[in-house]
Amino acid sequence: MRWHGRGDLRDFLRAGKTQVVELCDVDPAQIGKAEEIVSEAGQKADFTTGDFRKVLERDDLDLLMIVATPDHWRPADG
């Protein structure tokens, strides 16, 4: 949820029709910053977690909007 993720989050919220249900980041400070953006849009994330596996375990989510990995986790060719 660093600057790219927060920028995308802002764009989705500005476009409307986006309901934020859960925020996930291994860094709690980044979740807090994202929660501020969600709050400014008049919403509240029901859940936050630092473990992406918990997001995948949920059976009540229809769509994950963004799954982002840091540069050093991406393959060099793509």
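1. Arginine 58 is found in the segment that follows helix 3. In this predicted model, arginine 58 has a relative accessible area of 18%. The cut-off for a buried residue is under 20%, and arginine 58 therefore counts as buried. Its side chain is joined to that of aspartate 60 by a polar contact of 2.7 Å. When neighbours within four places in sequence are left aside, arginine 58 is in contact with Val21, Glu22 and Phe47.

2. The overall plan may be set out next. The protein contains three helices and two strands, and from the N terminus on these elements follow the order α-β-α-β-α. The protein has 78 residues, of which 23% count as buried. Its accessible surface comes to about 6100 Å², and carbon and sulfur atoms account for 51% of that surface. Among contacts with a separation of 6 or more, 61% are between residues 24 or more positions apart.

3. Phenylalanine 52 and cysteine 24 are 28 residues apart in sequence, yet their C-alpha atoms are 6.4 Å apart in space. Phenylalanine 52 belongs to helix 3, which covers residues 52–57. Apart from residues up to four places away in sequence, phenylalanine 52 touches Cys24, Leu64 and Val67. Its relative accessibility is 33%, so phenylalanine 52 counts as partly exposed.

4. The largest nonpolar core has nine residues: Leu9, Leu13, Val20, Leu23, Ile31, Ala34, Ile37, Val38 and Ala45. Helix 1 (3–15) and helix 2 are the elements that give two or more residues to this core. Helix 2 gives the most, with four residues. One of the core residues is isoleucine 37; not counting residues up to four places away in sequence, isoleucine 37 touches Arg6, Leu9, Arg10 and Leu13.

5. Helix 2 has 13 residues, and the distance from its first C-alpha to its last is 19 Å, close to the 18 Å expected at 1.5 Å a residue. Its buried residues are Gln30, Ile31, Ala34, Ile37 and Val38. Seen down the helix axis, these residues fall within an arc of 115 degrees, so they line one face of helix 2.

6. Just after helix 2, glycine 42 takes a positive phi of about 80 degrees.

7. Glutamine 30 lies in helix 2, which comprises residues 28–40. Because its relative accessibility is 3%, glutamine 30 counts as buried. With neighbours within four places in sequence set aside, glutamine 30 is in contact with Met1, Arg2, Arg6 and Asp25.

Definitions and conventions: Residues are numbered from 1 along each chain as its sequence is written. This is a predicted model: local features need pLDDT of at least 70, side-chain atom pairs count only at pLDDT 80 or more; totals for chains, interfaces and linings use all residues. Side-chain values use heavy atoms; hydrogens and water are left out. Buried means under 20% relative accessible area, exposed over 50%, partly exposed in between (1.4 Å probe, protein chains only). Contact means heavy atoms within 4.5 Å. A nonpolar core is a set of buried Ala, Val, Leu, Ile, Met, Phe, Trp, Tyr and Cys residues joined through side-chain atoms within 4.5 Å. The expected span of a helix is 1.5 Å times one less than its number of residues. The arc is that of the directions from the helix axis to the C-beta atoms. Accessible areas come from the Shrake-Rupley method with a 1.4 Å probe; for residues, only the protein chains shown count as cover. A polar contact is a pair of N or O atoms within 3.5 Å; within protein, one must be able to donate a hydrogen and the other to accept it, and residues adjacent in sequence count only if both atoms are side-chain atoms.
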